Structures are given as C-alpha cells and as structure tokens.
Amino acid sequence: MQNMAYMRPATRTAFCHFREGLEPLLQAQSQTLNTRDQDLFLIRLERYFADFYEPFARLYQARPDFETQLAKLGPLLIEHYANRAESLKKLDLERQLTPEWFQHETMVGGIYYVDLFAGTLRGVRQHLPYLQELGLNYIHLMPLLKPRPGLNDGGYAVMDYCQTNPELGTMADLEALTAELRANNMSLCIDLVVNHTAKEHEWANRARAGEQEYLDYYLTFDDRTLPDAYEKTLPEVFPEFAPGNFTYYPEMGKWVWTTFNEFQWDLNYTNPTVFREMLTYMLFLANKGVEILRLDAVPFMWKRLGTNCQNQPEVHELLQAFRALVRIVAPGVIFKAEAIVAPQDLISYLGTGQHTGKECELAYNNSLMVLLWSSLASRKVNLMTHTLRQMPATPIGTTWITYVRLHDDIGWAIDDENAAAVGENGFLHRQFLNQYYSGEFPGSFSRGEIFQFNPTTRDGRMSGMTASLAGLEKALADKDPTELEMAIRRILLLYSVIFSYGGIPLIYMGDELGLLNDYSYRQNLHKADDNRWLHRPAMPWVLAAQRHNLDTLAGRLFSKMQQLIKARCRTSQLHSAASVATLWADNPHIFAYLRYHPAYGRLLALANFSEQPQIISNSLLVENGLSGHICDVSQLDCPPVAVYNGQLLLEPYQFRWLIQKEA
Ligand code: OTU
C-alpha cells in the first residue's frame with residue numbers, strides 16, 4: 001500500500017477511516033465483486049483518495065455535517081462499482097494501461113444533435129457507417145437527457161438526468177448505442193449540465209414547494225439586496241432574451257439565481273449534497289457506457305461577491321474532487337470542460353498548479369477557434385501568432401478539443417492586451433469581426449448573424465455555419481466560381497489547422513458537406529428568438545448521398561475532409577503529446593507552427609490566410625530543422641515540396657504539413 005505512505009497525515013487518517021467504513025460494504029457485495037474486483041477498488045481508492053479528499057475538505061470542512069457528508073460518498077462509489085458492467089470494467093483496465101488513448105493522432109470527432117442527424121438514438125446507430133466512412137471515432141451527441149417541455153435551450157435545461165429525452169429513445173437505446181460504438185472503437189461523449197437544472201427538475205419543484213432541504217440546492221434570495229450586490233460585477237450571458245442573472249418567482253416570494261435562461265436554475269455547490277447528487281449522475285452515465293462527460297458551463301459553478309462569478313478557484317477544487325471519485329469507479333471515463341473563457345483562464349481547466357494532472361483531460365481551445373476566424377477576416381496572422389505564443393503548453397496527460405464551429409455562437413474572446421501587443425485595438429477589432437461576419441463590412445464574404453448584442457457594452461457574438469461564414473453562401477448566391485473555390489479553400493484551411501495544431505479535432509455536423517445557414521428557425525416559435533438555430537440544421541441525407549460524386553460541392557468537401565483525416569491518422573507528429581510551437585513566419589499572412597515528436601521528429605505546418613499567393617523564405621524550414629527532401633504529408637501522395645531561390649510558394653489559402661523525408 002504505497003500511496004498511503006505519500007499522504008499527508010490528516011489525509012491518511014481520513015483515508016483509513018473512510019476505508020474502514022467501506023470494507024464491510026465491499027464484502028457484502030462479494031456476489032457481484034470478486035476478490036480481484038475488491039482489490040482493484042481499494043487500490044484505486046488509495047491512489048485517488050487524496051486527490052478527492054483534499055479539495056473536498058477545503059470546500060466543505062468548515063460545515064458541521066462535514067463527516068456525515070464525507071461518509072455518504074463511500075456507499076455511492078461501491079454501489080456504482082458493483083453495477084458496472086464487465087465490458088466497461090475491461091475498458092477501464094485498457095484505459096488505465098493506455099492513459100494517453102485520447103491523445104492519439106487517430107482521434108477525430110464529430111458533433112451531432114440526435115434528432116437533427118438521425119431522428120433517434122436508434123437512428124444514430126443506423127448511421128454509424130457514415131461516421132466511420134468520414135473517419136470518426138469520437139461522437140459527441142448534443143444534450144439528450146430529458147429536457148423540460150417547451151423551450152429548453154437546445155436541451156441544456158434538464159429535468160431528469162436519469163432518463164433520456166423520450167423523443168430520442170430510451171436509456172436502453174443509449175446503452176445499446178454505447179455498446180455498439182465500443183465494439184467499433186468509437187467513444188461517446190454526452191453533455192452533463194452541471195451548473196444548473198431545469199426549473200422543472202424534481203429538486204426545483206420541491207424547492208418551489210418550500211422544502212428547505214431543496215431550497216438549499218439552489219441560490220435563492222428573499223429580497224434584492226444580494227442580487228443587486230452581485231449584479232454590480234456580473235456580466236450577462238444572454239442579455240437579449242434573458243437579461244439579468246436573477247428571476248423573481250411570486251409564488252415563492254424569492255429571487256432565484258438564473259445565469260442563463262429563467263428556466264435554468266443555478267445549483268448551489270456550497271452545499272455538499274449537490275456535489276454528491278451530481279456525482280451520482282456522473283457515475284450513472286458512466287455505467288451506461290458514456291466515455292467522455294462534457295461538463296457544461298463549469299466556469300459558473302461557484303459564485304463570489306465582487307467578481308464575475310466565473311473561474312473561481314473553488315471551481316477547480318470541485319472538478320478535481322469529481323475527477324478523482326469518477327476515476328475510482330470508472331477510470332475509463334474522461335472529463336471535458338466546457339469553459340469558453342479568456343485565454344489566460346482557459347488552461348487551468350486542464351489542471352494547473354496544485355491541480356496538475358487532476359482536473360479535466362480535455363477542454364475546448366476556444367482561443368484557437370476565435371483566432372482562426374479573426375485571421376480569416378483580417379487576412380493577417382499576427383494576433384493569432386502572438387496570442388498562441390503566450391498560451392502555455394497543455395499539461396501532461398491532457399489535450400485540447402480543437403474546433404472550427406459548434407452549436408454555440410462565436411464569442412470574440414480576444415484579449416485587449418494581446419491585441420495591443422500587435423498594434424490593434426481589441427474593442428475595435430471585435431467590432432470589426434461582428435461587422436465582417438454579419439456581412440455588413442464592405443467586401444465581406446460572410447453571411448452570419450450577430451447574437452445577443454449588448455447595447456451597453458456594444459459586445460456581440462456571431463452565429464452561422466462554417467460554410468456561410470467562410471463565403472460559400474455568398475459565392476453560391478453570386479454564382480461566382482472564383483469565390484466558390486476560395487470558400488472551399490477557406491473551409492479546408494480552417495480544418496487543416498484544427499486537424500494538426502494538437503488535440504482532438506471535432507467536425508461540426510454538416511461542415512464536411514459545406515452545409516449552409518438554416519433560416520427556417522425564424523418560422524419556429526421555439527427557436528425564432530435564438531439565432532444559434534441558424535447553425536443547427538437538419539442533416540440533409542439527400543446531399544450526403546452525393547458525397548462520392550466529386551463533381552458536386554458536397555463530394556469535393558467530403559472527400560477532402562476524409563483525406564485530411566486519413567493524413568492526420570498516419571502522421572505521428574500530430575499525436576497530442578507532441579509539442580506545438582507557434583512561429584513567426586516572415587510573411588504576415590502565413591500561419592506557421594512546428595510540431596515535435598521525440599520519436600518521429602518535426603512537422604512544420606504552414607497556412608496561407610490570404611486569397612493571394614504568398615511566399616516564405618526557406619530559412620524558416622532550415623531554422624526549424626527541415627532541410628533536404630521535404631514533402632507535404634497533408635496530401636495522400638505526400639508530394640515533394642520544391643524550394644526555388646530559397647523561397648517556398650503557398651497558393652491562395654493553401655496549407656502544408658511539411659516533414660523531412662528520410663534520405
Ligand atoms: C453552454 O454555453 C452551452 O454550450 C450552451 O448551448 C448553453 O446555452 C449554455 O451553456 C447553458 O447551458 O454561455 O453562449 O464558459 O460560455 O457555458 C453559450 C462557458 C454559453 C459558457 C457556456 C455557455
């Protein structure tokens with residue numbers, strides 16, 4: 001029992017006590033858990049106990065019921081461990097032996113709404129061949145747990161976490177899907193909305209009925225004193241359709257904290273019962289075969305007066321404690337933080353400082369996403385290069401989710417200081433991006449819509465599908481073949497970066513076919529107010545059927561996307577653990593970065609963000625260790641790359657993944 005020896009004295013005492021309490025419970029499970037299972041559990045408990053206990057104690061030790069709260073966690077762990085299917089226990093073992101599984105260059109994901117993609121969970125199973133053909137092995141299905149009736153924020157207002165949305169299927173369907181995915185080496189990611197529940201959740205119903213126990217699950221106030229005090233420093237997430245952060249319910253005589261919509265009630269994580277309840281949901285879903293939990297809106301989980309109530313240190317304590325407990329029961333499961341925050345706050349969700357190696361394995365690289373769009377509009381890569389060079393490397397054992405688009409708006413998370421460092425005004429640049437992507441800016445190629453414009457701060461975000469934002473919609477409307485070509489190249493350029501910069505790339509449903517904005521949301525009562533539905537189209541299977549016809553737009557994009565995925569999968573330098581260094585090229589339009597793998601060497605990626613041909617000096621290659629026979633591994637035949645007069649040419653929007661061929 002080595003790990004115990006490393007524990008701090010107080011932790012060791014707590015551990016011994018905790019384990020003693022569990023031993024009889026484990027033995028009582030001897031029907032389901034053999035000696036080896038029990039040993040494994042105890043070894044894991046010892047391994048992860050400090051990781052869980054210490055943050056848990058820091059959060060809740062001051063409470064008189066701390067010991068009772070702590071003791072309640074043990075039986076929960078055993079119950080879910082005993083319920084875990086043999087096939088999942090095998091997966092746990094595999095994953096513990098290959099903890100870097102999600103960093104492999106072969107990891108490629110996609111994002112799908114069950115109903116819009118395939119109608120139901122069973123429908124998703126029928127369409128697995130399509131996902132496999134594209135080359136995906138990580139499937140993120142958008143919120144599928146039982147939402148409230150009526151408006152539900154795209155499923156992010158859950159009233160029952162133990163049931164699926166009945167329109168999509170049953171829990172049994174979900175289990176059958178995860179089993180089939182597993183058999184095909186594919187992993188399922190689903191959303192777990194941890195920050196809030198629907199106001200129709202049982203806890204909320206009971207809070208509304210006045211049960212004190214359940215009022216403590218949420219953040220409620222008798223009058224405006226505290227809400228007013230908090231509002232002084234709180235931003236508004238949905239200023240247009242949900243202004244303010246609190247909602248008054250006359251039947252309760254109380255104000256309730258509602259960061260997002262009125263029907264989404266923020267949970268009170270200062271209450272350890274809420275922590276335990278959410279842990280129960282995590283373990284429940286893990287036992288259904290879900291492999292990646294996308295933890296929604298994590299930055300908001302802890303509130304502090306005088307702050308913006310995001311990214312508080314306690315959020316990281318909570319995530320570490322959850323992480324360790326899930327690892328004890330289901331180490332095959334990993335966490336993905338949904339924290340769409342400023343560059344300097346982002347990295348901490350992957351575990352930094354005291355949380356290193358103990359927090360989420362995955363987090364969205366929204367900085368990269370925003371900067372890609374910023375560069376595409378400005379045709380300049382200096383802000384992107386500068387900002388990414390400031391970003392710390394991902395901690396060992398973690399990686400980014402890289403993406404071009406997803407179901408949300410694009411929030412222009414561009415730091416004023418970083419903008420100033422490259423001679424830009426952050427505010428004006430963000431204004432420019434909104435004008436550019438909404439199509440107002442003269443000469444813009446984009447067709448998007450501004451989301452949640454805030455007249456006070458003049459902040460706004462952007463809605464739209466990749467293809468429409470990248471110029472395809474306009475080019476088709478204008479019947480302009482040159483622009484059409486440019487739009488296709490822009491889409492592939494953006495995807496080339498997310499396929500090679502480091503992390504698991506996610507393709508947003510329809511981008512592989514060049515799907516455009518869907519304006520039909522305007523006619524739908526439940527959607528018209530929220531233009532994020534502009535980029536949540538239904539899967540056009542008729543269009544998808546053209547994917548093998550290279551004379552069609554859909555066919556061209558699909559086959560190129562498929563090729564790029566294949567190219568990624570055979571390029572070991574693109575393993576997520578291989579380092580990435582963003583470089584200054586001697587051309588303001590060319591984005592350059594070097595991937596370095598200790599065993600496989602270097603890969604220099606170049607991406608031309610302008611519609612003009614550009615050249616860079618060969619010295620960039622030489623200085624980064626590439627000389628002699630250079631080839632471009634982004635193409636399936638790996639063509640040699642010629643250098644003329646010490647210069648390398650990049651066609652409009654061309655990208656290259658250069659490696660040095662063995663002599
Ligand atoms: C998330 O997004 C979801 O992705 C959204 O679709 C939901 O509406 C929302 O949570 C509420 O559940 O503010 O504009 O830093 O940026 O949680 C979208 C995280 C959001 C937030 C994010 C949120």
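Helix α3 (residues 35-60) and helix α4 (residues 66-83) pack at an angle of about 150 degrees, and their axes are 12 Å apart. Axes here are lines fitted to C-alpha atoms, for helices over the stretch in contact, and angles run from 0 to 180 degrees between N-to-C directions. Helices (H or I, at least four residues) and strands (E, at least two) are DSSP runs, numbered from the N terminus. The model is a predicted one, in which local features need pLDDT of at least 70 and side-chain atom pairs count only at pLDDT 80 or more, whereas totals for chains, interfaces and linings use all residues. Residues are numbered from 1 along each chain as its sequence is written, and side-chain values use heavy atoms, with hydrogens and water left out.

The crossing of α3 and α4 is right-handed, a term used if the near helix is turned clockwise from the far one by less than a right angle, with left-handed standing for anticlockwise. Among the α3 residues that meet α4 are Leu40, Phe41, Phe52 and Phe56, and the α4 side includes Phe66, Leu70 and Leu73; contact means heavy atoms within 4.5 Å. The residues of this contact divide into 14 nonpolar, no polar and two charged, where Ala, Val, Leu, Ile, Met, Phe, Trp, Tyr, Cys and Pro count as nonpolar, Asp, Glu, Lys and Arg as charged, and the others, Gly among them, as polar.

The domain assignment, which is automatic or taken from a database, gives domain 1 (2-101), domain 2 (202-266) and domain 3 (575-660). The C-alpha centres of domain 1 and domain 3 lie 48 Å apart.

An open sheet is formed by five strands in the order β18-β19-β20-β24-β22, with antiparallel pairing; two strands pair if DSSP finds at least two bridges between them. Strands β18 (579-583) and β22 (630-632) stand at the edges with a single partner strand each, so one side of each is left without a neighbour in the sheet. Neighbouring strands of this sheet are turned by 25 degrees against each other on average, direction ignored. Helix α17 (residues 382-390) lies across β18 and β19, and runs at about 140 degrees to β18. Five of the six residues of strand β24 (residues 655-660) are buried, so β24 is largely enclosed by the rest of the structure; buried means under 20% relative accessible area, exposed over 50%, and partly exposed in between (1.4 Å probe, protein chains only).

A second open sheet, of three strands, has the order β7-β9-β8 and antiparallel pairing. The table lists antiparallel strand pairs from both sheets.

| Strand pair | Bridges | Residues opposite each other |
|---|---|---|
| β19 and β20 | eight bridges | isoleucine 590 and asparagine 608 |
| β7 and β9 | two bridges | threonine 220 and valine 256 |

Most residues other than glycine have a negative phi. Alanine 297, in the loop between β11 (292-296) and α14 (313-329), has a positive phi of about 55 degrees although it is not a glycine, and at 3% relative accessibility alanine 297 counts as buried. Lysine 479, in the loop between α21 (472-478) and α22 (481-500), has a positive phi near 50 degrees, and at 72% relative accessibility lysine 479 counts as exposed.
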